[in-house]
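Walk through this model with me. We take a helix pair, then a pocket, then a salt bridge.

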Amino acid sequence: MTSTHTPTRITPGLAGAPTEVDVVVIGLGITGAGVALDAVSRGLSVLAVDAHDLAFGTSRWSSKLVHGGLRYLAAGHVGVAHESAVERGILMEVTAPHLTHAIPTLMPFGASVPKNQAVAARAATWAGDLLRRGARTSVRTLPRPRHLSGTEALQLAPALRREGLRGGMLGWDGQLEDDARLVTTVARTAASYGAHVRTRARVLEATGTSVRLRDELTGDTHTVTARTVVNATGVWAGDLVEEVRLRPSRGTHLVLRGQTVPGLRVVVYAPIPNSFNRFVLVLPQPDGTVYVGLTDEPADGPVPDVPQPTEPEIGFLLDVVSAAFEHPIHRSDVVGAYAGLRPLLDMPGEGETADISRRHAVLTSRTGVVTIVGGKLTTYRRMAEDAVDAALAHAGLEAGPCRTQTLPLLGAADRATLAGLEQPARLVRRFGTDAGLVLENARTVTGLTDDELLAPVAEGVPATLAELVFGVTHEGAADVDDLLDRRTRVGLIPADRPLAVPAAERALTLAAARQL
Ligand SMILES: Cc1cc2nc3c(=O)[nH]c(=O)nc-3n(C[C@H](O)[C@H](O)[C@H](O)COP(=O)(O)OP(=O)(O)OC[C@H]3O[C@@H](n4cnc5c(N)ncnc54)[C@H](O)[C@@H]3O)c2cc1C
């Protein structure tokens with residue numbers, strides 16, 4: 001068992017990467033980043049790779065919620081719901097208070113919601129609070145639910161349809177600052193403990209004790225031997241391990257400008273007509289945009305690198321939301337749309353699929369590759385723990401106990417400390433106590449003034465040059481796409497993206513000049 005406790009930054013390509021480690025982790029979505037952190041913090045040496053970039057796959061196409069698991073409770077899966085609620089509490093109170101916050105949720109009781117549905121919604125919201133209590137999450141983190149009058153509901157969501165509105169049920173859940181930011185922070189934390197984290201490194205073949213990799217920058221192939229190999233490639237898991245068969249389903253979200261749903265301060269559960277307990281969520285985001293999601297459509301055939309929403313899905317979401325709001329939302333209001341794929345497991349020999357988007361599965365292949373698939377962003381820590389436990393047991397490898405329940409991610413601090421930081425709010429929301437490091441790093445690397453480093457990169461585009469520079473120097477961003485589509489999410493609004501390209505190019509040039 002070996003371990004290096006020197007900070008290793010995230011870098012593209014395989015130059016200088018180790019050829020022998022305890023654990024190779026394939027895939028740097030939330031699951032692989034979590035496995036890398038779990039393994040390295042137990043004292044194991046780790047090489048974690050992604051064919052493209054951090055958060056290139058499903059992990060950046062989520063609803064960005066830290067779920068309490070109510071949906072699973074409604075389906076009778078009490079254990080899964082409890083696990084979700086526990087992991088939500090760990091993220092919000094211990095490991096990542098900086099990247100998460102409480103967000104109110106509202107089920108409006110409009111004319112289309114019959115009395116029995118309103119009664120069920122009330123019961124469900126209170127059941128959600130029971131989950132919170134069962135997970136020992138404080139009411140200071142997630143307040144208790146309550147019934148709202150029509151007037152109170154309109155204060156939180158002024159654009160709701162007024163006719164027949166007789167109030168609603170207010171609950172609370174967790175929201176992420178951004179899903180890709182969580183992945184980046186987990187990966188950076190793993191690197192800070194000594195994990196070798198490499199992007200642009202594709203695994204071509206894997207066994208339980210070795211991987212053959214291609215450096216996507218040079219085209220060179222490398223072989224790395226390991227005591228154990230963990231496959232965390234999400235919907236691509238079956239490409240590397242033939243026993244794993246997945247049938248993805250697509251979930252689509254729309255992106256709206258804030259002014260399309262003015263004054264929205266709460267997640268609205270818009271009921272899907274003729275369905276008792278299915279909803280479309282209208283989700284206000286910390287950057288002022290609003291997401292609307294999500295759909296559930298079979299996505300058979302080859303798995304694309306970047307799934308695309310379809311026009312019928314966009315139309316469906318617009319119809320449901322327009323029915324819940326005073327003014328219809330039009331196709332022209334949609335400034336962006338994205339889709340992600342859920343992995344559904346094809347059960348071998350049983351001719352059916354299992355919804356492992358509900359719970360994760362750990363599968364060990366004939367050659368000993370441990371695949372971890374399914375689950376959700378919220379439960380990544382527990383998934384990683386289970387995967388590493390299984391990998392250690394299979395390899396007969398000794399390591400310390402799992403430490404991640406109490407291991408804060410880089411930048412984490414309690415909410416009072418975060419509130420007292422003097423750096424700009426956007427940097428604190430995205431980097432926590434590392435906000436000062438982000439700014440200091442940008443000053444040193446660029447020699448520019450704080451005004452230049454902290455100004456929005458373009459009108460209406462809140463990303464800053466300081467965070468773009470940090471993306472290059474500390475987070476392994478190698479090109480404009482990494483910076484605009486994953487380290488920041490400017491690319492979610494295609495019209496904004498070209499406005500930010502000059503700043504991204506400038507960050508890459510300034511950081512490269514510094515390294516010369
Ligand atoms: C529409 C939608 C909404 C969701 N909303 C939420 C939510 O609000 N909250 C929540 O908790 N969960 C949510 N989830 C679930 C959550 O997003 C996923 O469970 C999670 O992101 C899956 O992460 P992953 O790391 O397993 O896979 P991925 O993020 O897909 O990562 C797999 C990685 O493997 C890499 N890779 C693939 N092949 C190779 C190879 N050969 N070599 C090297 N690298 C490779 C890919 O580039 C990719 O980066 C949502 C899921 C969907 C589909």
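What follows covers packing, open space and charge pairing in turn.

This is a predicted model, in which local features need pLDDT of at least 70 and side-chain atom pairs count only at pLDDT 80 or more, while totals for chains, interfaces and linings use all residues. Residues are numbered from 1 along each chain, and side-chain values use heavy atoms, without hydrogens or water.

Start with helix α3 (residues 78-95) and helix α4 (residues 115-134). Their axes lie 8 Å apart, at an angle of about 65 degrees. Axes here are lines fitted to C-alpha atoms over the stretch in contact, with angles from 0 to 180 degrees between N-to-C directions. Helices are DSSP runs (H or I, at least four residues), and strands are E runs of at least two. On the α3 side, Ala 81, His 82, Ala 85 and Arg 88 make the contact; Leu 131, Arg 132 and Gly 134 meet them from α4. Contact means heavy atoms within 4.5 Å.

Now the second largest pocket. It holds about 350 Å³ of space, a volume filled by probe spheres set on the grid points. A pocket is an open set of points on a 1 Å grid where a 1.4 Å probe fits, with protein on both sides within 12 Å along at least five of seven lines; lining residues have an atom within 4 Å of a point. Of its 25 lining residues, those closest to the centre are Asp 287, Thr 289, Pro 462, Arg 489 and Val 490. Strand β23 gives the largest share, three residues.

Finally, charges. The structure holds 38 salt bridges, each a side-chain nitrogen of Lys or Arg within 4 Å of a carboxyl oxygen of Asp or Glu. One joins Asp 389 to Arg 42, with the closest N and O atoms 2.9 Å apart. Asp 389 sits in helix α9 and Arg 42 in the loop between α1 and β3, so the pair ties together parts 347 residues apart in sequence.
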